[in-house]
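Trainee: Can we go through this model together? I'd like a quick tour.
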Amino acid sequence: MQYPLEREKTMANKKHKLKKDALWGYVFILVPLTTFIIFTLYPVISAAITSFQHYKPLKTTWVGFDNYVSTFKNALFYKALKNTLVYTVFAVPISMFLSFSISLFILPFKKRVQTIFKAAFYLPAIASGVALSFVWKWIYDPMPTGLLNSILHIFGISSQNWLGSSKTAMASLIIMAVFSGLGTSIIIYIAALLGIDSTYYEAADIDGASFFQKVRYVVWPMVKPTTVFLAITGVINGFQSFQNAYLMTGGGPDNATTMAGLLIFNRAFKYFEYGEACAQALILAAIIAVFAVFQFKLSANDVEY
């Protein structure tokens, strides 16, 4: 039995320990919090302020909503949004379907074989984007000696100017994005598939379920949280796409592959219209947020995390 004085002393020691633990907690979050403030929060606030200005290094003029008005009057902005939407609508579902299918194919193998497959598919993800672009430019070489055209010649199909024609340029970028980005999704899907309890498969076998019935009624519902995650992040990355269009086509031909991100980059660093570029960036961020929230509400109602 503790006396009141001893009890008060014990409580004081506990409070002191809690304060010390809280202090160390603040110390540990200080670095990531500082990084967030400097490299995320401050740029966003600065971009929001700049979007209301006609920005120049030596003289900045406050122009109100003029940058937003000129953006909404710019036909190229709507074309860039359309190109970005087409790119995302095709690239994300195709990539997810292939990733899921390949993951199902890899799953029955032993761990060592799974590792080999995962490493092979993930290799493009760790390669430099510039290096990948040069590889794909070689694949899409418009000359008859280009890799893709050489394959088509076997089937009697004439050479195509893949990146130089408005009919094929966007499709070429989509194919590049799909096959260059499968690795990450495959690894995430395999992790989700390995987390499914084997008793579900045993119950399905007892019921005489076929392979496709297992996929539909067992596997797909169990990996739905993973699918929702990949879909939302895929849409966000799709709307933010810049590198492929910049390195492969420069937005051409005839702005057929000008994405929203590339348009913003050109406005800022090619035409030095920083205020309008910031306005376009904030509009794009708002569009991405709306799509992400809508997608989450639409597909995640029956998902538990």
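Mentor: Here is a short walk through domains, annotated spans, cores and aromatic rings. This is a predicted model, where local features need pLDDT of at least 70, side-chain atom pairs count only at pLDDT 80 or more, and totals for chains, interfaces and linings use all residues. Residues are numbered from 1 along each chain as its sequence is written, and side-chain values use heavy atoms, with hydrogens and water left out.

Trainee: Which domains is the protein divided into?
Mentor: Domain 1 (2–50) and domain 2 (72–300). The bounds come from an automatic or database domain assignment. Taken over C-alpha atoms, the domain centres are 40 Å apart.

Trainee: Which residues does the "transmembrane region" annotation cover?
Mentor: The unreviewed UniProt entry lists 21–45, 85–107, 119–139, 169–196, 217–239 and 277–296. Such annotations may be inferred rather than shown by experiment.

Trainee: How far apart are the end C-alpha atoms of 169–196?
Mentor: 41 Å, and that span is 89% helix and 0% strand. Residues 119–139 are 90% helix and 0% strand, with 22 Å between the end C-alpha atoms. Helices here are DSSP runs (H or I, at least four residues), and strands are E runs of at least two.

Trainee: New topic. Which residues touch the most other members in the largest nonpolar core?
Mentor: Y87 and M248, in a core of 23 residues. A nonpolar core is a set of buried Ala, Val, Leu, Ile, Met, Phe, Trp, Tyr and Cys residues joined through side-chain atoms within 4.5 Å. Buried means under 20% relative accessible area, exposed over 50%, partly exposed in between (1.4 Å probe, protein chains only). Helix α7 gives the largest share of this core, six residues.

Trainee: What is M248 in contact with?
Mentor: Leaving aside neighbours within four places in sequence, M248 is in contact (heavy atoms within 4.5 Å) with S133, W136, K137, Y140, L163, L173 and M176. A separate core of 15 residues includes A260, L263, I264 and A279.

Trainee: How many residues of α13 are buried?
Mentor: Eight of the ten in α13 (residues 260–269). Among them are G261, N266 and R267.

Trainee: And how many aromatic pairs?
Mentor: 21. Rings of Phe, Tyr and Trp (its six-membered ring) pair if their centres lie within 6.5 Å; planes under 30 degrees apart count as stacked, over 60 as edge-to-face and the rest as tilted. F52 and F65 are edge-to-face, at 5.3 Å and 90°. F242 and F265 are tilted, at 5.0 Å and 50°.
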